[in-house]
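Please have the viewer open as you read.

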Amino acid sequence: MAKEDHLFFGGADVVELAERYGTPLYVTDENKLRANIRNYKRTFGKSRTGIDTDIFFAVKANGNLAILKVLASEGAGADVFSCGELQLVKLAGIPTEKILFNGNSKSEDDLREAVESGVKISVDSLGELRVLAAVTDELGKEAEIAMRVNPDVSPAVNPKIATGLKESKFGVPYHEIMSMCEEAVQYRNIALTGLHCHIGSQILKLDVFGEAAEKMMNLVEQLHERGIELEFVDLGGGLGIGYSEEDKKRLPTPDDLAAVILPVLVDRMKSLGLNLKLILEPGRSIVGTTTILLSRVNVVKPAHKNFVAIDAGFNLLIRPVMYDAYHEVVVANRQNERASTLYTVVGPVCESGDIIAKDRMLPEVKSGDLVAIKDVGAYGFSMSSQYNGRPRCAEVLVNDGAVDLIRSRESIDDLLRTQKVPERLV
Ligand code: LLP
């Protein structure tokens with residue numbers, strides 16, 4: 001088979017990658033990753049916008065340590081949602097002042113760890129605020145906090161990934177923010193320095209960001225009138241990427257996001273005589289396009305539909321099943337062949353819903369072919385599981401054709417490692 005027929009990714013021949021590392025295999029292009037974060041940093045650079053902006057990468061999108069190291073080396077901060085993510089970003093070398101600990105259900109231990117680490121904490125409820133105040137007193141250590149606001153805005157996205165609706169579990173109801181802030185500033189060891197919101201994910205129509213920015217600045221103004229001065233506003237993540245041709249047509253960029261939120265922020269800050277920092281928490285738009293998932297075709301089965309059964313299922317990529325998400329699939333060893341046949345690409349998991357791609361035109365597929373599932377860098381590996389007794393797969397990082405293994409393939413021993421059999425059953 002001619003090499004020209006092979007898909008190249010990050011300068012590497014993916015057919016060779018699959019032979020060398022086995023499948024399934026997550027492959028991330030380091031240059032793309034750096035380009036994406038640099039694009040954000042350039043767009044929101046202070047010299048362009050007049051506003052000091054920090055980019056806190058949303059670690060839930062991708063928690064691979066090597067990838068976090070790359071982002072840290074580009075000056076990214078981090079939005080973390082658990083002590084595990086906190087540990088990862090500390091190991092990646094992200095400084096504590098650039099870490100925000102988020103979460104709607106933090107345990108007292110989570111709060112203790114966050115306070116001891118000296119990171120900022122986004123407080124999601126009055127109950128949490130009170131526990132946190134007690135924890136800071138007990139540790140004798142001050143905590144810098146932001147209030148997580150539920151701004152009640154409604155982006156046009158899958159309801160499972162809209163997070164700022166008033167029905168959503170995240171954040172403090174908008175009308176309760178003022179009284180909660182007034183309580184927060186009474187606590188000896190709590191420093192209220194910011195307001196935080198996150199309205200949803202895979203947002204392609206950006207007007208909602210302007211709406212959220214307005215609502216957040218209304219709160220900043222009300223606090224200012226009460227003599228409570230903040231240092232930052234965090235507008236969360238959410239910028240969508242072009243998964244399908246349809247999405248690509250209306251694909252927004254960080255520049256478009258800037259055009260929607262900056263005028264609001266600049267205007268309002270000017271009229272209030274304030275100079276707040278802006279924090280953004282992109283996840284998907286930093287890592288989504290950087291990664292493909294390589295998977296081998298086990299069998300092709302002409303049945304009611306033409307099924308292509310591959311070795312990766314929703315154990316490794318749950319997005320199609322969970323959100324009806326679209327990911328482009330190509331036959332990576334014969335990518336120049338004409339798409340001639342309608343296929344449904346399914347995984348090996350014992351569930352009818354284990355469908356990766358429905359009704360796609362592909363070149364005629366044979367067992368042993370290699371498929372590449374595109375744009376899986378966000379919420380791909382990070383949402384994987386060992387369901388059906390399947391060890392998780394390996395990940396590699398490619399950089400101009402050079403390849404590094406950044407996560408080993410799990411083994412059957414890894415499935416057994418934490419299991420215990422009571423003596424009486426041995
Ligand atoms: N900040 C907060 C507080 C968040 O909850 C999230 C995502 C982000 C930032 C990053 O959002 P992004 O820029 O990635 O849209 N698993 C779903 C997405 C869940 C998003 C959860 N929160 C998916 O695969 O589509």
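1. Which helices each supply at least two residues of the lining of the largest pocket? They are α12 (284–287) and α13 (319–323), where helices are DSSP runs of H or I with at least four residues, numbered from the N terminus. The largest share, three residues, comes from α13.

2. A word on provenance: this is a predicted model, so to speak, in which local features need pLDDT of at least 70 and side-chain atom pairs count only at pLDDT 80 or more, while totals for chains, interfaces and linings use all residues. Residues are numbered from 1 along each chain as its sequence is written, and side-chain values use heavy atoms, with hydrogens and water left out.

3. The largest pocket has a volume of about 550 Å³. A pocket here is an open set of points on a 1 Å grid over the protein atoms alone, with protein on both sides within 12 Å along at least five of seven lines; the volume is the space filled by probe spheres set on the points.

4. The lining of this pocket (residues with an atom within 4 Å of a point) numbers 29 residues, and Lys60, Thr163, His198, Ser201 and Tyr379 lie nearest the centre. By class, the lining has 10 nonpolar, 10 polar and nine charged residues. Tyr counts as nonpolar and Gly as polar, with Asp, Glu, Lys and Arg as charged.

5. The ligand sits in the largest pocket, meaning that more than half of its atoms lie within 2 Å of the pocket's grid points. Around the ligand are 17 residues, the closest being Ser201, Glu281, Arg319, Tyr323 and Tyr379; a residue qualifies with a heavy atom within 4 Å. This shell has six nonpolar, five polar and six charged residues.

6. An N or O atom in the side chain of Arg319 is 2.6 Å from a ligand oxygen, and a polar backbone atom of Gly283 is 2.9 Å from one. Taken alone the ligand exposes 590 Å², of which the protein buries 94% (Shrake-Rupley method, 1.4 Å probe).

7. The structure also holds one cavity of 30 Å³ or more, a cavity being a set of points where a 1.4 Å probe fits but cannot get out. The largest cavity has about 40 Å³ of space. Its lining includes Tyr40, Phe209, Leu257 and Glu281, and divides into six nonpolar, three polar and one charged.

Methods: Polar contact = N/O pair within 3.5 Å; in protein donor to acceptor, adjacent residues only side chain to side chain.
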